[in-house]
Amino acid sequence: HKGLAIVAMDIDRFKEINDTYGHLMGNQALVRFVATMQQTLTELAPQATFYRTGGEEFTVLLPETTMAEAKSIAAACQQRLQTLVLHTEDKQTFGLSSSMGVTVKTAGDTEVMDVFRRADHFLYHSKRNGRNQITTDDDAIAALD
């Protein structure tokens, strides 16, 4: 069924980017990440609301979206990110990746924070399991370990 889907995401190894290349490059990484996400979402999910929840963490709200659609949108965002190449002043290059958690509101959710918490839990499952991946309700049994 179609309902509210939430994608929790963050930039993998963001602290490492800041520590290795400096905060100006960290800021540049954030700017490029946001631009890439906004462009991808505008194309694939114009109904989406995309916002920063803190640091290098972001949330996408997808109203009237199925789990399959949400997972497909998250995967497209990940693929776009992997085409980015950032250049430092001293000619080094690095790329970005993102860990994500995707869930949809269920009848058992008494408030929207339940959905946010589950998406966030799935995001951390993705990070703990090697980063640059998507964990969804379909993976919930594994994610609850």
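Does D138 count as buried or exposed, and at what relative accessibility? At 54% relative accessibility, D138 counts as exposed (exposed means over 50% relative accessible area, buried under 20% and partly exposed in between, with a 1.4 Å probe and protein chains only). The structure is a predicted model, in which local features need pLDDT of at least 70, side-chain atom pairs count only at pLDDT 80 or more, and totals for chains, interfaces and linings use all residues. Residues are numbered from 1 along each chain as its sequence is written, and side-chain values use heavy atoms, with hydrogens and water left out.

D138 sits in the loop that links strand 7 (134-136) and helix 5 (140-143); helices (H or I, at least four residues) and strands (E, at least two) are DSSP runs, numbered from the N terminus. Beyond its neighbours within four places in sequence, D138 is in contact with M67 and K71, where contact means heavy atoms within 4.5 Å. The C-alpha atoms of D138 and V102 are 9.4 Å apart, although 36 residues separate the two along the chain.

Helix 2 comes next. With 22 residues (23-44), helix 2 reaches 31 Å from its first C-alpha to its last, close to the expected 32 Å, a span given by 1.5 Å times one less than the number of residues. Its buried residues are M25, G26, A29, L30, F33, T36, M37, T40 and L41. These cover an arc of only 150° around the axis, so they lie on the same side of helix 2; the arc is that of the directions from the helix axis to the C-beta atoms. In general, an α-helix has 3.6 residues a turn, so residues three or four places apart point the same way. The face of helix 2 turned away from the buried side carries the exposed residues L24 and T42.

Helix 1 (residues 14-21) packs against helix 2 at an angle of about 140°, with the axes 6 Å apart. Axes are lines fitted to C-alpha atoms, for helices over the stretch in contact, and angles run from 0 to 180 degrees between N-to-C directions. This makes helix 1 oblique to helix 2, as angles under 35 degrees count as roughly parallel, over 145 as roughly antiparallel, 65 to 115 as roughly perpendicular and the rest as oblique.

Within helix 2, T36 counts as buried at 10% relative accessibility. Leaving aside neighbours within four places in sequence, T36 is in contact with R80, L81 and L84.
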